[in-house]
Amino acid sequence: MFTGIVEELGTVTAVEDQGDAIRLTIASDVTLSDAGLGDSIAVNGCCLTVAERTDTTWTADVMAETLAKTTTGRLDVGDRVNLERAVTAEKRLGGHVVQGHVDAVGEVVARTPSEHWELVEIKMPAELGRYLVDKGSITVDGTSLTVVEAGDHTFTVSLIPETLARTTLGFRAVGDQVNLEVDVIAKHVEKLVRAYTSTPSASSASSEEN
């Protein structure tokens with residue numbers, strides 16, 4: 001589990017094509033400081049497992065499902081990526097509950113700069129729209145953000161200077177694709193409500209029997 005608070009920008013140093021998978025190697029500093037084999041690190045919001053490491057890089061195996069559902073397969077040598085280590089019990093939950101399980105790929109459709117912040121509009125698959133509300137949480141490329149305005153097919157977020165400087169969202173251009181993860185709590189609530197409203201109550205069933 002993660003919080004969506006990006007710890008650093010890493011750099012892709014190698015991408016090994018294995019046909020139905022890739023081996024991705026990333027150079028980093030902070031996230032590598034205490035990383036062990038089997039540890040989880042979010043790369044642009046996608047949870048990957050450390051399979052190998054050196055003093056300056058770590059490598060993860062990326063399977064076909066991840067390549068199909070995220071932007072990870074489009075990474076190339078030299079690309080910068082958002083990195084976050086899995087959260088520990090004593091760490092402050094500065095963002096929101098993030099699983100590192102990408103729901104879909106979105107697209108930056110507009111950027112409106114201001115003097116001290118920037119409004120970014122992102123297109124999303126229509127099926128994600130029901131999970132977003134104004135002032136709710138959304139994860140974009142692993143970054144926990146607050147939704148400014150939630151539409152049926154797009155949403156907007158405001159980026160402060162810190163986010164612009166320390167994450168990939170500072171240089172994502174119109175047309176670029178980004179990983180999206182909606183609030184898992186919203187998905188759980190939807191499933192519970194659907195089950196409750198679609199199941200006849202015990203009293204109704206009893207009345208029908210009588």
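**A buried asparagine**

N82 is buried, at a relative accessible area of 1%. Buried here means under 20% relative accessible area, exposed means over 50%, and partly exposed is in between, using a 1.4 Å probe and protein chains only. Before I go on: this is a predicted model, where local features need pLDDT of at least 70 and side-chain atom pairs count only at pLDDT 80 or more, while totals for chains, interfaces and linings use all residues. Residues are numbered from 1 along each chain as its sequence is written, and side-chain values use heavy atoms, with hydrogens and water left out.

Back to N82, which sits in strand β7, residues 80-85. Helices (H or I, at least four residues) and strands (E, at least two) are DSSP runs, numbered from the N terminus. What does the side chain of N82 reach? The backbone nitrogen of T168, at 2.9 Å. That is a polar contact, meaning a pair of N or O atoms within 3.5 Å; within protein, one must be able to donate a hydrogen and the other to accept it, and residues adjacent in sequence count only if both atoms are side-chain atoms. Setting aside residues up to four places away in sequence, N82 touches V6, E8, L9, A42, V43, N44, D141, T143, R166, T167 and T168. Contact means heavy atoms within 4.5 Å.

D39 lies in the loop between β2 (22-27) and β3 (40-43). Its relative accessibility is 33%, so D39 counts as partly exposed. The side chain of D39 reaches the backbone nitrogen of G36 at 2.7 Å. Leaving out neighbours within four places in sequence, D39 is in contact with D34, L48, T49 and V50. From D39 to A64 is 25 residues in sequence and 20 Å in space, C-alpha to C-alpha.

**The chain as a whole**

The protein chain has 4 helices and 13 strands. Its C-alpha trace spans about 75 × 45 × 40 Å along the principal axes. Of the 210 residues in the chain, 39% are buried. Among contacts with a separation of 6 or more, 68% are between residues 24 or more positions apart.

The chain is divided into domain 1 (8-85) and domain 2 (104-195), with bounds that come from an automatic or database domain assignment. The contact takes 12 residues from domain 1 and 15 residues from domain 2. The centres of the two domains, taken over C-alpha atoms, are 22 Å apart.

**Pockets**

Now the empty space. Rolling a probe the size of a water molecule over the atoms shows where such space is left. On a 1 Å grid over the protein atoms alone, a cavity is a set of points where a 1.4 Å probe fits but cannot get out, and a pocket is an open set with protein on both sides within 12 Å along at least five of seven lines; lining residues have an atom within 4 Å of a point. Grid points are joined across faces, edges and corners, and a volume is the space filled by probe spheres set on the points.

The largest pocket holds about 320 Å³. It has 14 lining residues, and the closest to its centre are I5, T143, S144, I160 and T163. β11 gives the largest share of this lining, 4 residues.

The second largest pocket has a volume of about 240 Å³. Where does the second largest pocket lie? Both domain 1 and domain 2 give residues to its lining, so it lies between them. The lining residues are N44, T71, R74, L75, D79, R80, D141, F171, R172, D176 and Q177.

**Cavities**

There are 2 cavities of 30 Å³ or more. The largest cavity has about 50 Å³ of space. N82 comes back here, as one of the residues lining the largest cavity, with F2, G4, V6, A42, G45, L83, E84, V98, G100 and G142. Its strand, β7, provides the largest share of that lining, 3 residues.

The second largest cavity has about 40 Å³. It is lined by V108, R111, V120, I122, L145, V157, L159, L169 and R172. At least two lining residues each come from β8 (104-113), β9 (118-123) and β12.

That is where I will stop.
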